[in-house]
Amino acid sequence: PDHTLTGMPPGVPFIIGNELAERFSFYGMKGILTVFMTKHLLDSAGQPDFMSDERAKGIYHLFTAAAYFFPLLGAIIADVFWGKYKTILLISLMYCVGHGCLALMDAGPATGAWDMKPLLFAGLILIAIGAGGIKPCVSANVGDQFGTGNKRLITQVFNWFYFSINLGAAVSNMLTPLLLAKVGPWAAFGLPGVLMGIATIVFWMGRNRFVHVPPSGWSRFKEETFSPG
């Protein structure tokens, strides 16, 4: 961090914009997932291939569990190998591909090329890795932007940061069920995918304005993690 900087870090708006769009994409997709699996899932012929409530709930909870497991791996990758910025950017690309898989599900039954389930499962795996992998890095990256000269602004920035999370989640949970009911799965999953793409672009645009803290390496990581003192 630049300890002589007394004002707002220039990378903060990019981080908050990224987080707003990313949280919209994640909670929007998650909010319609069970309804989609039980009421909208089709095979390659366009015939209903709905899951039972029990199976849909099981997949939903496995997905949620995976999204909260992968932060462990994301934190290790950031601390040891790539640093926070590169970890967020590269894993976000995987995240975008996952949303793309979900948005393309409608194209299979329409053309008779495939049923929806393979893309559904591929999308959920990629999104779980993406959402989980960046989770431990984003808020820590906010803290990296501050030094002693402007640390008084940290509370204000984190207030805006968590406001963006809640705003994105609230709006997506209102909007995506309407899109699923009125337009179809391609729109309901496509909009979160577009927002995730925007989130990744916004984060990339701030690359020259962020403070980049390099990874500590494996030896330092082991020392900090397993040292008794």
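The bend at a residue is the angle between axes fitted to the seven residues ending there and the seven starting there. Keep that in mind for helix H6, which has a kink of about 25 degrees centred on Ser172. The model on your screen is predicted.

**Stop 1: the whole chain**

Show the protein as a cartoon. It has eight helices and zero strands. Read from the N terminus, the elements run α-α-α-α-α-α-α-α. Now turn the model around. Its C-alpha atoms fill a box of roughly 65 × 35 × 25 Å along the principal axes. Of the 229 residues, 43% are buried. Look at the contacts too. Among those between residues at least 6 apart in sequence, 79% join residues at least 24 apart.

**Stop 2: colour by confidence**

Colour the chain by pLDDT. The protein's mean is 91, and 96% of its residues reach 70 or more. Which element has the lowest mean pLDDT? Select residues 107–111: helix H4 is the one, with a mean of 70. Then select residues 53–82, helix H2, where the mean is the highest among the elements, at 96. Where pLDDT is low, the predicted coordinates should not be read in detail.

**Stop 3: helix H1**

Select residues 12–39. This is helix H1, with 28 residues. At 1.5 Å a residue, H1 should span 40 Å, and its end C-alpha atoms are 41 Å apart, so the two values agree. Now click on Leu33. A kink of about 40 degrees in H1 is centred there.

**Stop 4: the nonpolar core**

Select Phe26, Met29, Phe36, Met37, Phe63, Met105 and Leu120. These residues have the most contacts inside the largest nonpolar core, which has 52 residues. H1, H2, H3, H5, H6 and H7 each supply at least two residues of this core. H1 gives the largest share, eleven residues. In soluble globular proteins, nonpolar side chains tend to be buried together.

Zoom in on Met29. What does Met29 contact, leaving aside its neighbours within four places in sequence? Show Phe63, His99, Leu102, Leu124, Ile127, Phe189 and Pro192; these are its partners.

**Stop 5**

The structure holds four salt bridges. Side chains of opposite charge can pair when their charged atoms come close.

Select Asp144 and Lys84. Their side chains meet in a salt bridge, 2.9 Å from N to O. The pair links distant parts of the chain: Asp144 belongs to helix H5 (residues 117–144), Lys84 to helix H3 (residues 84–103), and they are 60 residues apart. Are these residues buried or exposed? Buried means under 20% relative accessible area. Asp144 has 15%, so Asp144 counts as buried. Lys84 has 17%, so Lys84 counts as buried too.

Next, select Glu224 and Arg220. The closest N and O atoms of this salt bridge are 2.8 Å apart. Both residues lie in helix H8 (residues 218–226), four residues apart, about one turn of the helix. Exposed means over 50% relative accessible area, and partly exposed lies between the two cut-offs. Glu224 has 51%, so Glu224 is exposed. Arg220 has 44%, so Arg220 counts as partly exposed.

**Stop 6**

Find Asn150 in the loop between H5 and H6. Its relative accessible area is 0%, so Asn150 is buried. Show what surrounds it. Not counting residues up to four places away in sequence, Asn150 touches Leu5, Thr6, Gly7, Pro9 and Gln145.

**Stop 7: helix H6**

Select residues 154–182. Helix H6 has 29 residues and reaches 42 Å from its first C-alpha to its last, close to the 42 Å expected at 1.5 Å a residue. Click on Ser172, where the kink of about 25 degrees is centred. Ser172 is one of the buried residues of H6; others include Phe158, Phe161, Ile165 and Leu179. The buried residues of H6 pack against H1, H5 and helix H7 (185–205).

Now pick Val171, also in helix H6. At 32% relative accessibility, Val171 counts as partly exposed. Draw a distance to Leu195. Val171 and Leu195 are 24 residues apart in sequence, and their C-alpha atoms are 12 Å apart in space.

Gly184 takes a positive phi of about 140 degrees.

Conventions: Residues numbered from 1 in each chain as written. Predicted model: local features only at pLDDT ≥ 70, side-chain atom pairs only at ≥ 80, totals over all residues. Heavy atoms only, no water. Buried < 20%, exposed > 50% of the residue type's maximum accessible area, 1.4 Å probe, protein only. Expected span 1.5 Å × (residues − 1). pLDDT = per-residue confidence, 0-100. Contact = heavy atoms within 4.5 Å. Core = buried A, V, L, I, M, F, W, Y, C linked by side-chain atoms within 4.5 Å.
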